[in-house]
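Thanks for asking me to look over this model with you.

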Amino acid sequence: MPLNLDLITPELVFLGWRTTSPDDVFTRLANELEPRGYVAPTWCNAVSERERTYPTGLQTLACGIAIPHADAMHVRQPFIAIVRPEEPVRFAPMGGMGDPVDAELIIALGFTHEGDQVSTLQHLMSIFANEDRARALAGAADEAAVARLLRA
């Protein structure tokens with residue numbers, strides 16, 4: 001399935017959160033996403049467990065990122081949620097190899113069909129492979145700017 005850029009909205013961009021761990025990020029995201037109908041009550045535990053088993057921290061040229069997601073059964077409506085915490089949050093490295101990643105951006109993906117995230121991951125990797133684009137995203141001034149840069 002091709003990437004639906006309409007999933008990237010300022011309403012699902014959260015800047016300046018004070019969080020201390022991936023689980024803290026997931027709890028806060030669940031508190032935002034569940035009332036809006038994006039995720040089931042099971043999502044928070046599911047994304048946390050999946051992150052422990054399949055870590056998503058990735059050090060890019062410009063910044064550390066994490067791209068957590070849960071299985072489709074925990075998602076009610078497709079979404080892409082972006083968190084730029086006040087301070088980086090330490091995630092285990094993707095593939096379980098290498099140093100922990102201090103994620104400056106956490107991009108949580110939610111899809112209702114397994115495999116739908118592939119085009120989104122490709123899009124994100126193209127952004128973070130370009131150091132200038134990635135730095136602009138990491139330093140974007142507000143939610144609308146983050147969404148705009150991710151849609152580019």
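1. Let's begin with the cysteines. A search of the whole structure finds 0 disulfides, a disulfide being a pair of cysteine sulfur atoms within 2.5 Å. C44 counts as buried because its relative accessibility is 19%, and C63 counts as buried at 1%. Here buried means under 20% relative accessible area, exposed means over 50%, and partly exposed is in between, using a 1.4 Å probe and protein chains only.

2. A word on the ground rules. This is a predicted model, in which local features need pLDDT of at least 70 and side-chain atom pairs count only at pLDDT 80 or more, while totals for chains, interfaces and linings use all residues. Residues are numbered from 1 along each chain as its sequence is written, and side-chain values use heavy atoms, with hydrogens and water left out.

3. Now to the α1 and α2 pair. Helix α1 covers residues 22-33 and helix α2 covers residues 43-53; helices (H or I, at least four residues) and strands (E, at least two) are DSSP runs, numbered from the N terminus. Their axes lie 9 Å apart at an angle of about 150°, which makes α1 roughly antiparallel to α2. The α1 side of the contact consists of D23, F26, T27, L29, A30 and L33, and the α2 side of W43, C44, V47, S48, E51 and R52. Contact means heavy atoms within 4.5 Å. The crossing is right-handed.

4. Axes are lines fitted to C-alpha atoms, for helices over the stretch in contact, and angles run from 0 to 180 degrees between N-to-C directions. Angles under 35 degrees count as roughly parallel, over 145 as roughly antiparallel, 65 to 115 as roughly perpendicular, and the rest as oblique. A crossing is left-handed if the near helix is turned anticlockwise from the far one by less than a right angle, and right-handed if clockwise.

5. Helix α3 is worth a look too. Spanning residues 117-128, α3 has 12 residues and reaches 16 Å from its first C-alpha to its last, close to the 16 Å expected at 1.5 Å a residue. That expected span is 1.5 Å times one less than the number of residues. Buried residues of α3 are Q117, S119, T120, H123, L124, I127 and F128. As a reminder, an α-helix has 3.6 residues a turn, so residues three or four places apart point the same way. The buried set packs against β3 (64-66), β4 (79-85), β6 (101-110), α4 (131-138) and α5 (143-151).

6. How do α3 and α5 meet? Their axes are 10 Å apart at an angle of about 105°, and the two helices are therefore roughly perpendicular to each other. H123, L124 and I127 of α3 meet L149, L150 and R151 of α5.

7. Helix α5 also has α4 as a partner. The axes of α4 and α5 come within 9 Å and cross at roughly 160°, which makes α4 roughly antiparallel to α5. The crossing here is left-handed. On the α4 side R133, A136 and L137 take part, meeting V146, L149 and L150 of α5.

8. Please look closely at V146 in helix α5. V146 is buried, because its relative accessible area is 1%. Leaving aside residues up to four places away in sequence, V146 touches V13, L15, I82, R84, L137 and A140.

9. P10 belongs to the segment before β1 (13-17) and is partly exposed, with a relative accessible area of 29%. P10 and R148 are 138 residues apart along the chain, yet their C-alpha atoms are separated by 8.4 Å.

10. Two more positions to check on your screen. I80 sits in strand β4 and counts as buried at 3% relative accessibility; I80 and R151 are 71 residues apart in sequence and 11 Å apart in space, C-alpha to C-alpha. G115 lies in the loop between β6 and α3 and is partly exposed at 34%. The C-alpha atoms of G115 and D71 are separated by 9.9 Å, the two being 44 residues apart along the chain.
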